[in-house]
Amino acid sequence: MELNILWFWIIAAMFIGYFVLDGFDFGVGMSLPFLGRDDTDRRVLINTIGPVWDLNETWVIVAGASLFAAFPEWYATMFSGFYLALLLILLALIVRGVSFEYRHQRPESEWKKWFDAMIVVGSAVPALLWGVAFANVVQGVPLDAGHNFSGSFFDLLNPYALLGGLTTLLLFFTHGIVFVSLKTEGDIRERARKLAVQSGFVTILVAASFLLWTVLAFGSLFTAVFAALAAVALIGSFLFNLRGSEGWAFTLMAATIGLAVLTLFSSLFPDVMPASNDAANSLTIANASSTPYTLQVMSWTALIAAPVIFLYQGWTYWVLRKRVSRSTIEAAAH
């Protein structure tokens, strides 16, 4: 396999890692108004992701840096053309991170209320806009002969892209709620399981519509296979959640997100940024990649660094595997 093709799939794997890990962070953040009946409940929810959210978020930095190094033309076109959308994502991530760190600094309920609202917004905005951005990449955008985006921000808000945004929003929301049921005890765990059933049903309908549209409009045989597997995994997660098997439900939700990302990347291949106005202006793996030497250096670096990163993150989750309960929060308060 040529190195530029290999790095196309490595970047796909990085986005899978980001969406699976930061995806449930987004879902937990969005669940505050639904599961947080009081401040203790909200602290339980935040504590489920408190030790890991910043580690999960670093995946997008690694993915963006790898995209810049391996496919500079793709990076330049996407980040300039989608500037406003990506800026909103960045601002939302900053707001969310600040809120996690500052909401507990003062005891007033109004203080906490404002930061809780920012956590919700800072989680929902990226969850929506990542789907909008990737759907536009798959569908194609107007590019000139120099591979520059020639449309406007409102061109990105088309029906297919908005459905993609709604799909990621619901997938991450359900993923986060299932994670809450996996990481908590008592009443909040049971409420999270029931909410995951409700949101899971809606998610199945919306995600199935988006995947079917993707396969019919832009897909190949591999796209259809990945989309079908994603649908099976999503339905399986829903059924396991009905039975109260949150471990399997969470695992299959992670598989659903991973397979959905593979569906999008396989529908792109061998393009990386199709031009909707003229196919001759499209960016492909061949004309958007760095030099073979650059890709070779990156490959050796990834081969050395990746196992260390995986081991460290796996160890972190193992150490922090215990459930969070109201009694734990209440005891810490005293």
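Helix 1, helix 4 and helix 13 each contribute at least two residues to the lining of the largest pocket; helices here are DSSP runs of H or I with at least four residues, numbered from the N terminus. A pocket is an open set of points on a 1 Å grid over the protein atoms alone, with protein on both sides within 12 Å along at least five of seven lines, and lining residues have an atom within 4 Å of a point. The model is predicted: local features need pLDDT of at least 70 and side-chain atom pairs pLDDT 80 or more, while totals for chains, interfaces and linings use all residues. Residues are numbered from 1 along each chain as its sequence is written, and side-chain values use heavy atoms, without hydrogens or water.

The largest pocket has a volume of about 450 Å³, taken as the space filled by probe spheres set on the points, which are joined across faces, edges and corners. Of its 19 lining residues, Met14, Val62, Ala306, Ile309 and Phe310 lie nearest the centre. Helix 13 supplies the largest share of this lining, 10 residues.

Helix 13 itself spans residues 292–319. This helix bends by about 30° at alanine 305, and proline 307 follows within four residues; the bend is the angle between axes fitted to the seven residues ending there and the seven starting there. Leu295, Met298, Ser299, Gln313 and Thr316 of helix 13 are buried, that is, under 20% relative accessible area with a 1.4 Å probe, protein chains only. Their cover includes helix 1 (3–30) and helix 4 (53–70), where contact means heavy atoms within 4.5 Å.

Notes. The expected span of a helix is 1.5 Å times one less than its number of residues. Buried means under 20% relative accessible area, exposed over 50%, partly exposed in between (1.4 Å probe, protein chains only). On a 1 Å grid over the protein atoms alone, a cavity is a set of points where a 1.4 Å probe fits but cannot get out, and a pocket is an open set with protein on both sides within 12 Å along at least five of seven lines; lining residues have an atom within 4 Å of a point.
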